[in-house]
Amino acid sequence: MTIVVALAVTPAAATTPAGTAITNTARLTYTAGTTSPASLDSNTVTIAVDALVEAAIAADRPTAPITNTAPLPLAFTVTNPGNAATVYRLAALADRDGITVATIAADTDGDGRYDPAIDRIVTSVTLAAGAQQRIFVLASGTLTAGATITATATAEPAAAATVGATGGRASAAVRLTDGTAPAAQLDKAQSVAAPGGGTRAIPGAVVTYTVTARFARDCAAVELSDAVPEGTRFVPGSIMLDDQPLADAGRFDGSTVRVALGDMPAGAVRRVRFNAIIL
């Protein structure tokens with residue numbers, strides 16, 4: 001049995017709706033001889049915009065920790081980038097035996113949390129042009145870290161519609177992670193560039209410190225700090241975040257480099273780098 005649900009959705013920017021009539025009329029303004037200026041309109045031409053079918057889907061988070069919750073809801077958002085209302089058939093697949101992902105529910109109340117009493121089981125959703133709908137793939141069985149769950153939205157185009165570059169089909173994946181693993185991991189590395197070449201740690205050598213933060217779960221209000229070691233001097237203008245330069249103001253307080261990263265989603269990686277000279 002196929003259940004098609006038309007749900008309240010968040011409209012997004014859409015292309016010109018299918019069926020829209022585009023009309024155009026030219027005007028000629030002229031003066032002939034000594035007569036007053038006159039104008040002349042052309043005939044009006046009209047074209048109707050055809051239906052274009054596209055599909056898009058994205059995981060709300062690239063990774064999800066395994067919890068004791070059964071089933072484990074994995075959130076995805078289906079988007080209709082086309083210009084006509086379209087039905088999207090939904091499916092999910094796990095890359096490991098023993099994991100069941102056959103059941104999919106729509107986030108009926110749009111609160112971003114799976115509630116079996118509210119969020120209805122669906123096999124497809126109908127979206128207006130530019131609209132979005134969050135869905136939950138309900139994973140159960142033997143959930144193992146490293147397993148990947150892939151959700152797919154496949155459009156059912158109307159007979160006269162044109163299927164666009166996506167082919168009317170899109171997929172996105174979530175990787176399961178160990179729920180007992182730390183929420184974040186911090187690694188530090190260093191390299192030395194000595195005056196005149198080489199890597200000897202002698203006075204005048206420049207030490208490049210690279211600190212890498214990896215987030216296995218969502219983390220809020222993250223700040224990375226690194227005190228400049230005794231025996232070295234911070235090199236002004238050397239702070240980099242993900243290979244992009246950052247101003248020193250507000251980030252180097254005279255002894256410590258501090259970089260506010262804000263809220264970090266699971267799966268995010270941020271890398272801070274700065275230089276110090278050995279005294």
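The model is a prediction, in which local features require a pLDDT of at least 70 and side-chain atom pairs are counted only at pLDDT 80 or more, whereas totals for chains, interfaces and linings use all residues. Residues are numbered from 1 along each chain as its sequence is written, and side-chain values rest on heavy atoms, with hydrogens and water left out.

Nonpolar cores were defined as sets of buried Ala, Val, Leu, Ile, Met, Phe, Trp, Tyr and Cys residues joined through side-chain atoms within 4.5 Å; here buried denotes under 20% relative accessible area, exposed over 50%, and partly exposed the range in between, with a 1.4 Å probe and protein chains only. The largest such core holds 33 residues, of which Leu74 and Phe76 touch the most other members. Two or more residues are contributed to this core by each of β10 (72-79), β11 (86-94), β12 (99-106), β13 (124-127), β14 (131-141), β15 (148-156) and β17 (169-177), where strands (E, at least two residues) are DSSP runs numbered from the N terminus. A second, separate core comprises 24 residues, among them Phe234, Leu246, Val259 and Ala276. In soluble globular proteins, nonpolar side chains tend to be buried together.

Four aromatic pairs were found in a search of the whole structure, a pair being two rings of Phe, Tyr or Trp (its six-membered ring) with centres within 6.5 Å, classed as stacked when the planes are under 30 degrees apart, edge-to-face when over 60, and tilted for the rest. One of these joins Tyr209 and Phe274 in a tilted arrangement, with 5.5 Å from centre to centre and 35 degrees between the planes. Because Tyr209 belongs to strand β19 (residues 206-215) and Phe274 to strand β25 (residues 269-278), this pair ties together parts that are 65 residues apart in sequence. Both Tyr209 and Phe274 are buried. Phe234 and Phe252 form a stacked pair, the centres being 4.0 Å apart and the planes 20 degrees apart. Phe234 is located in strand β21 (residues 232-234) and Phe252 in the loop between β23 (244-245) and β24 (256-264), so that the pair ties together parts 18 residues apart in sequence. Within this pair, Phe234 is buried at a relative accessible area of 7%, whereas Phe252 is partly exposed at 25%. Tyr209, Phe234, Phe252 and Phe274 together make up one aromatic cluster.

Salt bridges, taken as a side-chain nitrogen of Lys or Arg within 4 Å of a carboxyl oxygen of Asp or Glu, number 12 in the structure. Asp111 and Arg113 meet in one of them, at 3.5 Å from N to O; Asp111 is partly exposed at 31% relative accessibility, and Arg113 is exposed at 57%. Asp187 is bridged to Arg214, with the closest N and O atoms 3.0 Å apart. Since Asp187 lies in strand β18 (residues 184-193) and Arg214 in strand β19, this contact ties together parts 27 residues apart in sequence. Asp187 is partly exposed, with a relative accessible area of 29%, as is Arg214, at 36%.

A further salt bridge connects Asp243 with Arg273, whose closest N and O atoms are 3.1 Å apart. This pair links distant parts of the chain, Asp243 being in the loop between β22 (240-241) and β23 and Arg273 in strand β25, 30 residues apart. Asp243 is partly exposed at 49%, and Arg273 is partly exposed at 24% relative accessibility.

On the surface, Leu28, Tyr30 and Leu40 form a nonpolar patch with about 290 Å² of accessible area together. Patches consist of residues with over 30% relative accessible area and no salt bridge, nonpolar side chains (Val, Leu, Ile, Met, Phe, Trp, Tyr) being joined within 5 Å and like charges within 9 Å, and accessible areas come from the Shrake-Rupley method with a 1.4 Å probe, only the protein chains shown counting as cover for residues. Leu28 is placed in strand β4 (residues 27-30) and is partly exposed, at a relative accessible area of 48%.

How values were computed: Helices (H or I, at least four residues) and strands (E, at least two) are DSSP runs, numbered from the N terminus.
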